[in-house]
Protein chains: 2
Amino acid sequence: MNKIIECVPNFSEGRNRKKIEKIVDCFRAKPGVKLLDYSSDADHNRSVITVVGELEAMKNAMIEAIGTAVKLIDLTKQSGEHPRMGAVDVVPFIPINNVTMDEAIALSKEVGMEVAEKFKLPVFLYEASATSKHRENLADVRRGEFEGLAKKMKRREWRADFGPKYPHPTAGAVAIGARKPLIAYNINLSTNNVEIANAIAKKVRHSSGGLRYCKAIGIELKKRGIAQVSMNLTDYTKTSLYSVHEMVRMEAMRYGVTIIGSEVIGLVPMAALAESAAYYLGIENFSINQVLEAKLLE
Amino acid sequence: MNKIIECVPNFSEGRNRKKIEKIVDCFRAKPGVKLLDYSSDADHNRSVITVVGELEAMKNAMIEAIGTAVKLIDLTKQSGEHPRMGAVDVVPFIPINNVTMDEAIALSKEVGMEVAEKFKLPVFLYEASATSKHRENLADVRRGEFEGLAKKMKRREWRADFGPKYPHPTAGAVAIGARKPLIAYNINLSTNNVEIANAIAKKVRHSSGGLRYCKAIGIELKKRGIAQVSMNLTDYTKTSLYSVHEMVRMEAMRYGVTIIGSEVIGLVPMAALAESAAYYLGIENFSINQVLEAKLLE
């Protein structure tokens, strides 16, 4: 199989169908690029697009999409639940097949340089592409959001990697980088007490003593009347779905709370599910090469 | 994607590496045929090969492999845990992509006719290719094994569909047919008592009151000093991996026995593992379209 990279750009527009479609169009009917999925959320006022493709084709489509979003989205008039610092908020490149992390990093920098020049858009490199430790974490890069960006960029340690020294007047700035596949996995609890969800999240997540590649927060799902442990697994090959599931179950026991369900947001790599199946089914010496579709994709 | 059929022939040789390789060679470096996997088990004295390919190429390679096995394997000198009636015990054709069950049945009959004539090998059509209801089930076709075959074939209802009226002197007979994808799933127990494995198998399998698409027998793994429930799931979309796992666990409890591990023989469809992961992880509204690789294969 060819070199295949995935990209999951986030755009700060989740309401205006016409604008969203114009951005998505940049990935449609392009040779070498395949649009896998896109979803928009009106509350968050954000759209997330998932595309896979060959490196050069992906680069060109991504630059076109960023240009389109910069033209269409005006952050001075935009608001929503989701934190954002740019019309194109974040552009992660994820190695999928025959692509190394170094190649993904190189691609992210090429895209960054081009969009900075073409659209006068400041670019922050983040995650594996970050040029400094304090810029790795997206939350840190984005802190202050669009409204605080002009002030933030005046500080030496928050100068953009590419592009102007000040925010784009309507499109802010963009974070571009390479990262491993990420799994968004949320566990629903038999309680509506968000304090309990938060206490569990604290035990499970890396930052407060939990599992190395797990980020977690407690949130309340008001409509369903339940609390949820909302997680991102940043390296599922090392911190597994079943590990976080069992750890949440174990911590929840302390409060007499049980897991009533869970959800995977967006796409999940086959290997992550296969590994959890192998764990629970107790399959000895399981290899991903035993999966028919893995062989077919070879 | 082209018309693709899968074939998972079972050969009654799991010890002699040289013979096994000669059989496997029939599927190597053949245009239109792709060897996906093969595994041999010394206790079972059996090798299972998994190949996918285009219809005509698959037919030719399969005929060559059957001829090779008939020449190399002498059942009068063979013994093992696994029941068998032929040097080539069973040859199932499985529609994978753009192939109907009727096309798979037609192919199985073409192969059956040719090998019957070429190698003087009696052929029983089974599963979807069976010419009569009582020949559908492989266990029924195989009952009596190689040693009882001559006597069995004298009965009108057990005449071969193609080929001679008596077994091949060293290669017995072969069952050929078309079927849905099957999962070979074995569960290892914390006991060496094969009676317990048999009692559990009886509870779990369809034929004696268990799950609709589960076949099961108890087997002793002498080398490891344990007993095993050896199963075939004939429609994993209806009888799931997790269902048989939990049912075996539940029945084993009665004897104070636990599951110490399991194994999947050959290839397993992604959907079967994904469904079991979704069960244990409690994923709500899970769809196979959330798996990245499913999207890539579309």
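The points below go from conventions to domains, helices and the chain pair.

1. This is a predicted model, in which local features need pLDDT of at least 70 and side-chain atom pairs count only at pLDDT 80 or more, while totals for chains, interfaces and linings use all residues. Residues are numbered from 1 along each chain as its sequence is written, and chains are lettered from A and ligands numbered from 1 in the order in which they are written.

2. Chain A splits into domain 1 (4–178) and domain 2 (183–297), with bounds from an automatic or database domain assignment. Taken over C-alpha atoms, the centres of domain 1 of chain A and domain 2 of chain A are 27 Å apart.

3. A:Ala201 sits in helix 6 (residues 194–204) of chain A; helices are DSSP runs of H or I, at least four residues, numbered from the N terminus. A:Ala201 counts as buried because it has 27 C-beta neighbours inside 10 Å, the cut-off being 20 or more other C-beta atoms within 10 Å, with C-beta atoms placed from the backbone. Beyond neighbours within four places in sequence, A:Ala201 is in contact (C-beta atoms, placed from the backbone, within 7 Å) with A:Ala216, A:Ile217, A:Gly218 and A:Val229.

4. In helix 7 of chain A, the buried residues include A:Leu241, A:Val244 and A:His245.

5. Chain B can be laid on chain A with an RMSD of 2.0 Å by a turn of 177° and a shift of 0.0 Å along the axis, superposed by least squares on the C-alpha atoms of residues with pLDDT of at least 70 in both. That is the relation of a two-fold axis. Of the residues of chain B, B:Ala277 comes closest to the rotation axis, at 1.8 Å (C-alpha).

Notes:
A residue is buried if 20 or more other C-beta atoms lie within 10 Å of its own, exposed if 12 or fewer, and partly exposed in between; C-beta atoms are placed from the backbone. Helices (H or I, at least four residues) and strands (E, at least two) are DSSP runs, numbered from the N terminus. Two residues are in contact if their C-beta atoms, placed from the backbone, lie within 7 Å.
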